[in-house]
Amino acid sequence: MFIQPVFGAKLAIIIDDIGYRQTDEAVLSLPNTITLSVLPHTPLGQKLAQDGHKKGHEIMLHLPMQALNGKELGPGGLTNVMTEGQIKQQLHSAVSSIPFAKGANNHMGSLLTQMQDPMRWVMESLKQNNLYFVDSMTTRFTKATASAQSLGVPTLKRQIFLDNDISEAALQRQFNLIMVKAKQEQQVIAIAHPHPETIRFLKANLARLEQAGIELVHTSHLLPEIDANQLMASGSNANSSLILK
């Protein structure tokens with residue numbers, strides 16, 4: 001007789017920075033409960049978003065935002081010198097480039113997420129496109145979450161990174177920490193990256209979650225109930241029907 005596992009905690013793992021490297025395709029070998037966040041206007045972005053959606057992954061837009069260190073953003077980047085019109089146009093173009101996106105999180109952004117007006121313009125655009133937002137928390141001074149909440153954009157925060165160090169020992173340490181945190185807080189959002197070492201580690205260790213009573217879920221499943229209902233009420237997001245171009 002098959003006995004359904006009983007889960008007491010939920011975990012969402014977002015793999016972002018997807019779109020540039022052929023090795024990024026390896027994310028599709030992971031269970032479809034992993035959420036994929038894809039960079040706009042990248043060589044493999046549209047294809048990986050489409051293939052990931054077909055396989056059942058939840059797709060997000062990984063939105064480049066200006067960092068304090070001045071690191072190059074790549075195409076689709078949002079900077080502190082852009083006007084409201086430029087930011088909204090850039091974001092519209094980014095959303096259009098990643099089919100089936102249900103949400104967005106910031107790529108870098110330690111400068112821009114501290115700025116009130118640009119964050120308001122970003123959140124207004126996300127709301128218009130019925131996208132939720134996950135604050136990657138690249139600075140403790142971020143205003144992104146507060147801005148999203150003030151405009152009624154469904155929002156969550158990244159709580160832990162898995163692979164800032166990709167050594168086996170560090171990955172084990174962070175994964176154990178994620179499991180402990182999930183047990184303590186009942187739900188956790190972790191962000192990881194498409195490093196070959198990370199993919200190999202996850203394939204070898206994800207089964208431990210079920211054994212520990214932790215359910216791996218899509219990121220949108222962790223939205224507060226009222227926010228999730230808000231997304232459902234709005235129907236399929238405007239980007240879901242885009243034709244690749």
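Here is a short chat about this predicted model.

Colleague: Hi! What am I looking at?
Modeller: A predicted model, where local features need pLDDT of at least 70, side-chain atom pairs count only at pLDDT 80 or more, and totals for chains, interfaces and linings use all residues. Residues are numbered from 1 along each chain as its sequence is written, and side-chain values use heavy atoms, with hydrogens and water left out.

Colleague: How many helices and strands are in the chain?
Modeller: Eight helices and nine strands; these are DSSP runs numbered from the N terminus, helices being H or I of at least four residues and strands E of at least two.

Colleague: Is Asn106 buried or exposed?
Modeller: Buried, at 1% relative accessibility. Buried means under 20% relative accessible area, exposed over 50%, and partly exposed in between (1.4 Å probe, protein chains only).

Colleague: Where does Asn106 lie, and what is 2.8 Å from its side chain?
Modeller: Asn106 lies in strand β4, residues 101-108. A polar atom of its side chain is 2.8 Å from the backbone oxygen of Met108.

Colleague: Switching to charges, how many salt bridges does the structure hold?
Modeller: Eight, each a side-chain nitrogen of Lys or Arg within 4 Å of a carboxyl oxygen of Asp or Glu. One of them joins Lys88 and Glu84, with closest N and O atoms 2.9 Å apart.

Colleague: Where do Lys88 and Glu84 sit in helix α2?
Modeller: They are four residues apart in helix α2 (residues 84-97), so about one helical turn separates them.

Colleague: Which residues are linked with them in a network of salt bridges?
Modeller: Asp117, Arg120 and Glu124 are linked with Glu84 and Lys88 in that network.

Notes
Polar contact = N/O pair within 3.5 Å; in protein donor to acceptor, adjacent residues only side chain to side chain.
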